[in-house]
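User: Hello! I am new to this structure and would like a friendly tour, please. Could you show it to me and then take some questions?

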Amino acid sequence: MQTLAYGSWPSPIDAELAATHDGAPGFVGFVGAETWWTAPRPTEGGRRALVRRLPDGEERTVLPAPWNVRSRVVEYGGRPWAGAERPEGPLVVFVDFADQRLYAYEPDAPGAEPRPLTPVSGIGGGLRWVDPVLRLDRGEVWCVLEEFTGEAPTDVRRVIAAVPLDGTAAADRDAVRELSDGRHRFVTGPRLSPDGAHAAWLGWDHPRMPWDGTELTLAAVREDGTFGPARTFAGGPEESVAQVEWAHDGRLLFSSDRTGWWNLYRADPRDTGDTGGDSVYVQPLCPREEEFAGPLWQVGWNWFAPLESGLIAVVHGTGATALGILDPETGEVVDAAGPWTEWASTVAAHGSRVTGVAASPRSAYEVVELDTCTGRARVVGAAHDDPVDPAYYPEPHIRTFYGPAGREIHAHLYPPHHPGHVAPDDELPPYVVWAHGGPTGRAPLVLDLAIAYFTSRGIGVAEVNYSGSTGYGRAYRNRLREQWGIADVDDCAAVALALADEGTADRARLAVRGGSAGGWTAAASLTCTDVYACGTISYPVLDLTAFASGETHDLESKYLESLVGPLDTEPGRYEERSPARHAELITAPFLLLQGLDDVICPPAQSERFLARMEGRGVPHAYIAFEGEGHGFRRADTMVRALEAELSLYAQVFRIDVAGRVPTLELAK
């Protein structure tokens, strides 16, 4: 072992390696017996590829660059593809990011090219599509249509619509049939009963977010393919139904947090007549104080899938997750064996096979298949391949800290770790507190080479699942109501100070970083605490009043009513908590990273914030990236961002990284 100061350890995990391994497979599904999914391509301009696993085990990219299978509905997107096996070969429909049109493609047909199914609209954000369901019997694809009616981000409507597969709608918007009645501002795609007689979907309205309250809506499907009168079956303003599916026997399955935890329920809507109401007919399948669903940030995320046998594949857990098989008759759950500690919000079933996306602290996200007959789970796609010796990976510690009023704060601690280097006995390591985005989200317990980039150099990382995080029940989520900028900041500070008090971290070398809502927490932490020596702020919210007054997209335009309070009755809170309004309170150096195409947290907020910092003598740097939106996807962007962040810490913490990363120029 060689002795070197914390932060100066040489590491084979460079920024390029971390960037090229960023992202995860998503939106798994079956086309016939084949497993398909979307995959990140950071080195190909950050596009999402569509990938299939052939019967011989080969992984094949379905569409070459520059095709980018990604929807922009509600800006965060959602499930962008659907496929079906036919005698003449597979048919897939997908959304291309560039023009947001829906396309049809026959990948096994000689010489075939994707053909557009929907037109382009020049109004506002145009026409967008998500969460498709193929109806080959009707020659249509049913999905969510998001249509802009004006130039403002809130000039938008959303309905369930049917698009002909023959391409007649490609030049004629009128060829699109609207199926739902527009009663909700936000909707998910339809889920059809096995006999095709009923459709179920979720809807919600401002100012609620989908984890606050949604409605499970049912409608009969008439012989001509139109919907009958819609009725609410479950959910409401204070009940979040996160997913709905049909069991193969025609009964309805849905996840609801009516008890304070997202649990699974079953009902037979055929028995309820026209009166609705579920007190007699709804059966809890596995009542537990743990989550069987999560926040619906993307349309089409799912946490359970019914099997033909009547069993249900479920992603569940508290804090971390597992893939299990639920017997709805007994309530018993048998978890899949394997090293995985985190299962993503996507799961599909075919016959006795279940496919999901899973990771662990020693492996990145990969596509995993469970055979429910044998109980065997195996990797079938995007297999993790260690790009460096795993000895350089950090070993996470699951910790619980205590904040104001003794409240619990959950966190993952990643101490500095190197197989060949240690620090002097009298030195404590620097630590960076990572605040996740959302804020209704959480930090997963998985291998992240961006974390290893720092820990393998001798800089510790603490991921804080602060008040408002998911995975710990509704009460934990609700701790952030009207407390954004207070509870999250206090929780992160409590973890940082506890690490210093217990001798784990150097009190003088603490930093905070975050992106999106985590960027807000980082900026607010630098504004109203003296805990941190510096911070990294990425694509953040900085000005609450502007954010709530039209400077963001439609989905989150009323989000602050629950996070902060109504603007018309609580304007003082918006002023008091905004870092952009109190730049004079920031004395610690910082790095600000921003995508110039970001419509969720637009660059105007960062630019106004910087204008207020000008001439104040606080060292800082601003890097804006062309072609990047909310969250960075391109490898070259991520390389520059990581190297700039390390350079900031090196300068502030007085770490010798000479020649290893470009020096970040800090302006005053």
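Analyst: Let us begin with naming: helices (H or I, at least four residues) and strands (E, at least two) are DSSP runs, numbered from the N terminus. Residues are numbered from 1 along each chain as its sequence is written. This is a predicted model, in which local features need pLDDT of at least 70, side-chain atom pairs count only at pLDDT 80 or more and totals for chains, interfaces and linings use all residues, while side-chain values use heavy atoms, leaving out hydrogens and water.

User: Which residue follows α10, with a positive phi?

Analyst: Helix α10 covers residues 635-653. The residue that follows α10 has a positive phi, near 60°, and is R654.

User: How many residues of α10 are buried?

Analyst: Buried means under 20% relative accessible area, exposed over 50% and partly exposed in between, with a 1.4 Å probe and protein chains only. Helix α10 is mostly covered, and of its 19 residues the buried ones number 14.

User: Which strands are at the edges of the open sheet of 8 strands?

Analyst: Two strands pair if DSSP finds at least two bridges between them. The order is β31-β32-β35-β34-β36-β37-β38-β39, with mixed pairing. Pairing on one side only, the edge strands are β31 (397-402) and β39 (620-625).

User: Which residue in β38 is the bridge partner of G535?

Analyst: Strands β37 (residues 534-538) and β38 (residues 590-595) run parallel and are joined by 4 bridges. In β38, the partner of G535 is F590.

User: Are α4 and α5 roughly parallel or roughly perpendicular to each other?

Analyst: Axes are lines fitted to C-alpha atoms, for helices over the stretch in contact (heavy atoms within 4.5 Å), and angles run from 0 to 180 degrees between N-to-C directions. Angles under 35 degrees count as roughly parallel, over 145 as roughly antiparallel, 65 to 115 as roughly perpendicular and the rest as oblique. The axes of α4 (residues 487-501) and α5 come within 9 Å and cross at roughly 75°. The two helices, α4 and α5, are therefore roughly perpendicular.

User: Is A109 buried or partly exposed?

Analyst: A109 sits in the loop between β8 (102-105) and β9 (115-116). Because its relative accessibility is 30%, A109 counts as partly exposed.

How values were computed. The expected span of a helix is 1.5 Å times one less than its number of residues.
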